[in-house]
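Dear colleague,

Please find below the structure that I am handing over to you, followed by an account of what was found in it. I would be grateful if you read the two side by side.

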Amino acid sequence: MAFPTNDVSISDEPKELLFDKHVEYIANHGNDKNDYEYCMTEFLRMSGIYWGVTGLDLMYQLDRVNRQEIVDFIKKCQCPTSGGISACEGHDPHILYTLSAVQILCIYDCLEEIDTDAIGRYVSSLQQLDGSFFGDKWGEVDTRFSFCAVAILSLINKMDVIDLEKAVNFVMSCCNSDGGFGSKPNAESHAGLIYCCVGFLSITDQLHRLDCEKLAWWLCERQLPSGGLNGRPEKLPDVCYSWWVLASLTIMGRLHWISAEKLQKFILSCQDVETGGFSDRTGNMPDIFHTLFGLGALSLLGDKRLRKVNPTFCMPQYVIDRCNVKPKIITL
């Protein structure tokens, strides 16, 4: 080959979803509060809970974790001043962790446990004059935060607190000539940020702004000979991009443009046969982040042992239906 591909070798085993091992892996995650990994991931604890709760719900096993303990933790993390929610007690609130908390409470059907009016004010306070959003009071701008903003507001039914037209215009200003999106205007296209922007447009009913043919082709080129998907050209495949790429293609009605069989084989090869859980690539250590997105991708591919997942929110579809939220998808 004139241009060698940066890829990995995968094993042929396992060939099926290690369902029970994954349930145990997630249910036991974080039980040892003295564990090094637990202590070192305090800064993203709220998202870790979202990844675990959602993964268990996709496997019909939500009762394996303590609902009240989780709800009480979220309530302690809501800032009484700003209204935002932090990753952990004593940390600054951030729009990422505010979304994770809202998603958890929607899954548990108990949004009333927090002050949603304060959350609406918090999200509104982060919007800038150009329509972009800060992630928190420190001022970082990223299209991830635009997605978080509209995802939060749609779930709590307060979309009217922001300037939606400006928000849409900012996201579209981040669209590149290859059809993809970056973190801000003129930034490199990246599959994770494409998911955020496509999801944003799905929530705001603006999918007609996309050049779907060009963007879907760019996303399909992320599939490597191993079957795995990468996030940018020349990068290694990673299980989490199975979600970012597949969800984007699903929203655009083009899931069938990639080899589902090869991708499923790659995802299954990233399972830990001893402990359960998914890693980023075959043979690596599993973690809760890749476990959710591995399960989510398999759900999009139609695994019958899993609940149907919503491609815009990465939440069980029945929860989105219960919340009466209607993100748009393109049907070909």
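At the start of helix H4, a side-chain oxygen of Asn66 comes to within 3.1 Å of the backbone nitrogen of Gln68. Please bear in mind throughout that this is a predicted model.

Helix H4 itself spans residues 67-77, and its buried residues are Ile70, Val71, Phe73, Ile74 and Cys77. These residues lie on the same side of H4, because the arc that they cover around the axis is only 160 degrees. On the face of H4 turned away from the buried side, one finds the exposed residues Glu69 and Lys76. The cover over the buried residues of H4 includes helix H3 (45-58) and helix H5 (95-107).

The loop between H4 and H5 contains Pro80. With a relative accessible area of 82%, Pro80 is exposed. Pro80 and Ala118 are 38 residues apart along the chain, and their C-alpha atoms are separated by 8.5 Å.

I turn next to helix H3 and its partners. H3 packs with helix H13 (residues 288-300) at an angle of about 35 degrees, the two axes being 9 Å apart. The crossing of these two helices, H3 and H13, is left-handed. On the H3 side, the contact is made by Gly48, Tyr50, Trp51, Gly52, Thr54, Gly55 and Leu58. H13 contributes Ile288, Phe289, Leu292, Phe293, Leu295 and Gly296. Sorted by class, the contact of H3 with H13 comprises eight nonpolar and five polar residues, and no charged residues.

In H1, the residues that are buried are Phe19, His22, Val23, Tyr25, Ile26 and Ala27. The segment before helix H1 (19-27) holds Glu13. Glu13 counts as exposed because its relative accessibility is 51%, the cut-off for exposed being over 50%. Between Glu13 and Tyr108 there are 95 residues in sequence and 35 Å in space, taken from C-alpha to C-alpha.

Gln103 lies in helix H5, and at 5% relative accessibility it counts as buried. Leaving aside residues up to four places away in sequence, Gln103 touches Tyr50, Leu155, Phe313 and Met315. Of these, Tyr50 is also one of the H3 residues that make the contact with H13. Gln103 and Val71 are 32 residues apart in sequence, and their C-alpha atoms are 12 Å apart in space; Val71 is among the buried residues of H4.

The other residue is Ser248, in helix H11 (residues 239-251). Ser248 counts as buried, its relative accessibility being 0%. With residues up to four places away in sequence again left out, Ser248 touches Ile194, Tyr195, Val198 and Leu219.

Asp109 has a positive phi of about 55 degrees although it is not a glycine. Asp109 is placed in the loop between H5 and helix H6 (116-125). At 49% relative accessibility, Asp109 counts as partly exposed, since exposed requires over 50%. Asn157, likewise a residue other than glycine, has a positive phi near 60 degrees. Its loop is the one between helix H7 (143-155) and helix H8 (164-173). Asn157 counts as exposed, with a relative accessibility of 68%.

Yours sincerely

Key: Residues numbered from 1 in each chain as written. Predicted model: local features only at pLDDT ≥ 70, side-chain atom pairs only at ≥ 80, totals over all residues. Heavy atoms only, no water. Buried < 20%, exposed > 50% of the residue type's maximum accessible area, 1.4 Å probe, protein only. Helix = DSSP H or I, 4+ residues; strand = E, 2+ residues; numbered from the N terminus. Arc of directions from axis to C-beta. Contact = heavy atoms within 4.5 Å. Polar contact = N/O pair within 3.5 Å; in protein donor to acceptor, adjacent residues only side chain to side chain. Axes fitted to C-alpha atoms, helices over the stretch in contact; angles between N-to-C directions. Left-handed = near helix turned anticlockwise from the far one by under 90°. Nonpolar A, V, L, I, M, F, W, Y, C, P; charged D, E, K, R; others polar.
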